[in-house]
Amino acid sequence: MNTPLHCLLLQTPGELLEGEKDFLRLGYAVEAFPFMQDASCLDDAEPEELPLHAYAPGWRHGDLPEVRSLRASLVRMLADPRWQKEDFLIFGESDAVPLVEAATLRAALEKELNAHPETHLLRLFHHKAHSPNDPRKVVASLHFSAFQPGRERSKASLYVSGLYAFVVPSVHRKKVADVLCHTPLPPDRALELAAARGMLNVRATESNLFYQKPRTQRAQAVSESDTPESSIAVCLVVRHLENLDRLLSLFMAQPYGNCHVFAAVKGMTADNFSSLVLPRYEHWIRQGRVTLRHYPGKNQVSDLIDTIRGVELSPYDLFVFPREELLCPSGLLERINRLHARLSPHHCSCERGECRMLTTRNGVQYAEPPAKPARPLFYTLTREAAECLIACERNPAKIAGLYPDRQDPEHGAYGNDADALMMQLVRHSGGWDLSDIEKEIFLMVRPSPAVSLNNPLVEMEENLHEAITDDPASAEYLVELEHPYWTDNFRILGVKGCRVKLPEKATILRFTERELVLQWERWGREQFIRDKEEGPYRLHHTAVLRRKAACNPGRRQESLDLVERALAAPPVRWGVCAVALPRESCYWLRDWIEFHLRAGAFRVVIYDNTGSTGSRRVDSVFQAGQLQRSGTSKRGEEYGRLTAHLSDEDIKNKLDGLAARYGRERVRIVPWQPKDPETGQIIHGQVEAYEDFIRRWGKELDWCAFLDVDEYLYCRPGTSVGAILEQVESKTPDVSRIMLKAWKFRRRWGKDGPRDIRRDTAHLPQADGGEKNLVRLCDVKAADIHWYWQMRHGTRRVTADPEGLAFCHYNASDKEMEKALLQPQIRPRDFLTAEVDERAAVEMR
């Protein structure tokens, strides 16, 4: 009985053994065990005989890096060979404090284990009836009873979360460690699940013998002189020059030396940025303290990423993202560094402390009373979290990995609210609110209204940036236009745009670094040309007209009319048509539509075949209808399972929203539910849909490509689909059908969700089979899917050189891609942004 009762407590760097004096006073021997981030000892294979979601539907809430590290540290602590002969060793966490003397507890443990030798684990602190922060007096007689596992953790549960203090006899430690190793739940839930399944025998005291002491000494855990100096990257997204002026001045005045400011400037033309902004801060840029770059406006998450886009992250430990309106105090970076030194190395943080809003009214500036902000004032991410943020943009499917059950509850909502994703990143890493550790009142400038009430694009702005992407087509551009009658800035959002000074809207027909072609809403088409890489876009022939007008003012209007008539002459009008199951392609519908609009399509039409049960064609793999009913593509992609959280109505609303966004004059969604006359079930009717398309739009369009939604047109960079068709019309007018070969790329669906196909360049070698068609609509007599189109007598078909004109088909399996020798010959999207040489065209054979 004279042997001291040992306690082994898990201690994270920066934490203290809060109850060390109490342990010694009550006769315990206490020792700290280091918390480690390495979780390589874990094996998180989900038990097949009882899936975790049946026991705890939100079990992935606990599958976080911090919790994994906690489990791994407990496993190592249980396996420590120094204590294998000590049966009465107490395991716990660094804030556990005893309420009973060591001798009394040891006697009770010996008695309990003699009476119940089958016990694997004894819990010493567990019951909600005793508040951990208000311990009650413990009775002299200590009793244990069988642990009562619940179905799931809730407010009604008998037990508190966490373990804090428990005993595992040495003979059973390997078994308990195995449970922690193989169950991806927080440690208390993992042991509770094992008890519920009869794998472990757990008993618990009927009154708390330990309690959890508040970490009142956390602020003193690391002294000022011992605080290591982290390398900090300050990441600013700035839309107003006055805010950039204030923020850079404040951060350059910080006494903290080991920092660098990265600023992404938006909301101005590139010319104004290079002529007004860069010279203003040239001194700090030359000193290597500031990096300033100009970017178009994007979704809020991509705007944040623009600050560190292309930057080597390894030199920096912490990444601070402050709000644009923050008036940061002089010691902000020192405070962040000091407080993060007390946190675990992988912990992120946010600041949600009180702030005072600096407001100006009637020429008087005053600070409002302190109040909690609606959004955090700034976020601080570790390097790993910053890399995760960048990965979420590259592949938005990764966002689901931050959420329970790996499902993003509202796909695409983060562009409208970057705080939702940033907060989830902080929580995922086991983050802290810095105001909980150290209080400070901040000062903020009242933000300016985001958009003018007179803004003609306000409805489009609400939807344009909803998806996280760095696709240039999803960005907002600001350019300067020079017209003979006015000069103005022009905003471009997707395929729509408007003047800044006047609410005059236009559709973007073509936009490159040298050319901008607009279809104005209230008048005709105009072409603007930029002579240099920088500078304004000028109305075509404006310079010539100005010189002529100076000599002969009477001819000015006549010349302008000639220019307008020349620009109004439409080129060859072509479109794309697809019959689709929108659920199978819901993650790529926007990309497919935008891609072909950027490629120059005058009209994009999708026939919505929702509800289809198969095909009546005897040569179709869909004839039996089993694939649609099971939600599986013909390539085995389980899109039904991976989109189960979306209703048909959700997908229909998304399609309607896309048509509204790009304008129904250019994008049409046609409900298409033809029925089998024998069974009454909805079928594909793909050929019939093509014939319906030709009846509807055969007089409006000259040519059309009939594709699937996993197929994207391709042409050689330096040319365009329109230029190719113009050459066909002028040089080979008897050609009415161009057969397109396919370049096969990796399929769109992965085992765990959608893939981001926009950056794919690896493809299989060119092979015959599965050709699609680009046809002149006025010559069609009978439609088909692949080979049996019937065209007007006297016309002929040609097959396009696949390196000049083809389509990219995202249908290759992982096995095909692994076996093939991948030597990319084409880059699918390069032709979208290349300057167009109208003389270049595809070679036909």
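Buried means under 20% relative accessible area, exposed means over 50%, and partly exposed lies in between. Keep these cut-offs at hand. The model is predicted.

**Exercise 1. Classify D734 and R796, and say what their pairing ties together.**

Step 1. D734 has a relative accessible area of 31%, so it is partly exposed.

Step 2. R796 has 38%, so it is partly exposed.

Step 3. The two side chains meet in a salt bridge, at 2.7 Å from N to O.

**Exercise 2. Find how R106 and E110 are placed in helix 4, and classify each one.**

Step 1. Their side chains form a salt bridge of 3.7 Å, N to O.

Step 2. Helix 4 covers residues 102-115, and the two residues are four apart in it, which means a separation of about one helical turn.

Step 3. Recall the geometry. An α-helix has 3.6 residues a turn, so residues three or four places apart point the same way.

Step 4. R106 is buried, because its relative accessibility is 10%. E110 is partly exposed, because its value is 25%.

**Exercise 3. Repeat the work for R696 and D692 in helix 23.**

Step 1. A salt bridge joins their side chains, at 2.9 Å from N to O.

Step 2. Both lie in helix 23 (residues 686-697), four residues apart, about one turn.

Step 3. R696, at 46%, is partly exposed. D692, at 12%, is buried.

**Exercise 4. Identify the edge strands of the seven-stranded open sheet.**

Step 1. Write the strand order: 2-1-3-7-5-8-6, with mixed pairing.

Step 2. Read the two ends. Strand 2 (28-34) and strand 6 (144-146) are the edges; each has a single partner strand, so one side of each lacks a neighbour in the sheet.

Step 3. Check one pairing. Strand 1 (residues 5-11) and strand 3 (residues 90-93) run parallel, joined by four bridges. L9 has G92 as its bridge partner in strand 3.

**Exercise 5. Decide whether helix 11 is largely enclosed or open.**

Step 1. List the buried residues: L332, L333, R335, I336, N337, R338, L339 and H340.

Step 2. Eight of the nine residues in 332-340 are buried, so helix 11 is largely enclosed by the rest of the structure.

Key:
Residues numbered from 1 in each chain as written. Predicted model: local features only at pLDDT ≥ 70, side-chain atom pairs only at ≥ 80, totals over all residues. Heavy atoms only, no water. Buried < 20%, exposed > 50% of the residue type's maximum accessible area, 1.4 Å probe, protein only. Pairing = 2+ DSSP bridges. Salt bridge = Lys/Arg side-chain N within 4 Å of Asp/Glu carboxyl O.
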